[in-house]
Amino acid sequence: MSTLPILVTRSLDAPLAFRQGQAISVRQFIADAQALADRLPTGQHLLNACADRYRFAVTLVAGMLSERINLMPSTYTRESVREMLAFAPDAFIVSDEDDAFNVMPCMIYPDTLDTDPGSVLAVPDLPAEQRVAWVFTSGSTGSPVPHLKTWGKLVANTRGAARLLDIDTWPDPRFTLLGTVPPQHMYGFESTILLALQNGGAFSADRAFFPAEVVSALQALPHPRVLITTPYHLNNILRAEAACPSADLLLSATAPLSDALALEAESRFGCPLREIYGSTETGQIAMRRTATGEDWQLFPGIELTDQDDATWAAGGHIEHAVPMGDRIEHLPDGRFKLLGRNADLINIAGKRSSLAYLDRQLQSIEGVVDGAFHLPPHEDDTLVRLAALVVAPGLSQSDITQALRERIDPLFLPRPLILLDQLPRNATGKLPYAAREQLLRDAHNAREKGAV
């Protein structure tokens, strides 16, 4: 049986995390994880709700050391916690805040763990086949679907990412990571926790979300430093901050990134930006430098094949072959182009477009701070009417519609176009379908009341 270490380091005294301005060593981290493992409640499944990234990592490894399996839903709501309990009746939560969910047994992360770091003499190993996590799809097209992740595949995933990022060629490989995405999200799990653990790096425990917080937290980290973010957060930072701290690498995922935003980010932060492609089912499987080209490069060992009117991803760190939700153009040497999401395709009176394309046109209008098109539920034989949700202080509905006329076919002009103060994007910058539907209902109800 092959085994793999829970982390890779050149020294047990090297920093693994930075929390509240203090460096935390690998030795301390292992001692904390071993101590927490001894305190975990009975039950094989745990829901790791710790918001502090260091406490999340300690709880993750404590669970693995005690052969428990992490549950990772796409959202943390009372309803999603109930769904986790139905999936795993022996599950419990570990949280560093109040037990807000109150539907599952909860352990509050201890203020102190009373550890002896000096007793840690080696990095523990885990069997490559050990089951580490159940990750769940968002359920946007049905019920959330669980996907099992084993330790060996997760390690292969993050080490493959490091090779494509050329981290091992940096003069000083002791890089630091700052994330604007929560560690509970698959992208945050892979890029802000596992990338550091498996490649000799360190991560910031700070919960940086707003632009000023991100700038301050990034400035506090030593070089080489990496900012792991999303197009939504990146755009907010560039619009809000006159000066961006230098970085050595930017990573972006969760939504398509425009060429213009990638170019500006590289210029302002003074470093390359890599965009990551993947899904909950597959994990990260491809990467590109958006500012220099549109082709994606597959991770080592990953293969894409066409079968039954879909493109399937398999090999490498993927546990089982998975059909992808995107249309793909295959290219030589493990490269490909994305042609758009299958679910994004729109056909109105014989003319085709995609929501992603329309979003980019809307967001490119000068004065538009944020915006998204929405396809309301409709019968197949009825005329589709798109809606748009827009944040654009200083612009009227007429201004935006006129600007859209210059960019898209009139058939795709939104009716209605709703102006808002902000869009309720989640922690990863996405605008869930249910939230868009609720905004449409609110706007409709407001119009009805105004008409009485």
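Residues are numbered from 1 along each chain as its sequence is written. In this predicted model, local features need pLDDT of at least 70, side-chain atom pairs count only at pLDDT 80 or more, and totals for chains, interfaces and linings use all residues, while side-chain values use heavy atoms, with hydrogens and water left out.

**View 1. The cis peptide bond from His 223 to Pro 224.** The omega angle of this bond is near -10 degrees. Pro 224 has its place in the loop between α6 (211–219) and β13 (225–229), where helices (H or I, at least four residues) and strands (E, at least two) are DSSP runs, numbered from the N terminus.

**View 2. The cis peptide bond joining Arg 415 and Pro 416.** Omega is about 15 degrees for this bond, and Pro 416 lies in the loop that runs between α10 (397–405) and β27 (417–419).

**View 3. Asp 114, a residue other than glycine with a positive phi.** The phi value of Asp 114 is near 50 degrees, and the residue is found in the loop between β7 (106–108) and β8 (125–127). With 70% relative accessibility, Asp 114 counts as exposed, a term that stands for over 50% relative accessible area, whereas buried means under 20% and partly exposed lies in between (1.4 Å probe, protein chains only).

**View 4. Thr 254, which has a positive phi although it is not a glycine.** Phi is about 85 degrees at Thr 254, which is found in the loop between β14 (249–252) and α8 (259–269). The relative accessible area of Thr 254 is 22%, and the residue is therefore partly exposed.
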